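This report goes through one protein chain, from its overall layout to selected contacts. Look at the sequence and the structure first.

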Amino acid sequence: MRLPCYSLAIYIPLEPQFVVNYGGPGKLKYMKTKVTLRLADSAAADAVRHHLPFIRNNLVMLFAAQTDETLEAQDGRESMRAAALAEVRDLLFRED
């Protein structure tokens, strides 16, 4: 069986992984996550590499704003993933 041919994607892991305090005052809570960006071409990969400190900062701020309810529910985690994607896209469109 032959697999369909897709354009070659470029994967950029954001290293080191994210370890972020979240939830505001009270008991210390943290989340630990790995993020990898899938890009369509080398121009997008170059833009991500160029803006990597800004991307990491904005993702840390996004992750730190989460709540227990968001992180415990599957749909909450999915909405956080979508928000992270939108943040990276918006940043790249604004800066380039």
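## Overall layout

Read from the N terminus, the chain runs β-β-α-α-α-α. That gives two strands and four helices. The model is predicted. Along the principal axes, the C-alpha atoms fill a box of roughly 50 × 40 × 20 Å.

Most peptide bonds are trans. The bond that joins E15 and P16 is cis, with omega at about 0 degrees. P16 belongs to strand β1, which covers residues 10-21.

## Helices α1 and α2

Helix α1 spans residues 42-50 and helix α2 spans residues 52-64. Their axes come within 5 Å of each other. They cross at roughly 70 degrees. Angles of 65 to 115 degrees count as roughly perpendicular, so α1 is roughly perpendicular to α2.

Which residues of α1 meet α2? They are V48, R49 and H50. On the α2 side, the partners are L52, P53 and I55. By class, this contact has four nonpolar residues, one polar and one charged.

H50 is twelve residues away from L62 in sequence. In space, the two are 20 Å apart, C-alpha to C-alpha.

What does L62 touch, leaving aside its neighbours within four places in sequence? The contacts are M80, A83 and A84.

## The largest pocket

The largest pocket has a volume of about 670 Å³. It is lined by 25 residues. Closest to the pocket centre are T36, L37, R38, R81 and L85.

By class, the lining divides into 17 nonpolar, three polar and five charged residues.

## Salt bridges

Side chains of opposite charge can pair when their charged atoms come close. The structure holds three salt bridges. One of them joins the side chains of D68 and K29, at 2.7 Å from N to O. This pair links distant parts of the chain, 39 residues apart. D68 lies in helix α3, residues 68-72. K29 lies in the loop between β1 and β2.

Conventions: Residues numbered from 1 in each chain as written. Predicted model: local features only at pLDDT ≥ 70, side-chain atom pairs only at ≥ 80, totals over all residues. Heavy atoms only, no water. Axes fitted to C-alpha atoms, helices over the stretch in contact; angles between N-to-C directions. Parallel < 35°, antiparallel > 145°, perpendicular 65-115°, else oblique. Contact = heavy atoms within 4.5 Å. Nonpolar A, V, L, I, M, F, W, Y, C, P; charged D, E, K, R; others polar. 1 Å grid on protein atoms, 1.4 Å probe; cavity = no way out; pocket = protein on both sides within 12 Å on 5 of 7 lines; lining within 4 Å. Points joined across faces, edges and corners; volume = space filled by probe spheres on them. Salt bridge = Lys/Arg side-chain N within 4 Å of Asp/Glu carboxyl O.
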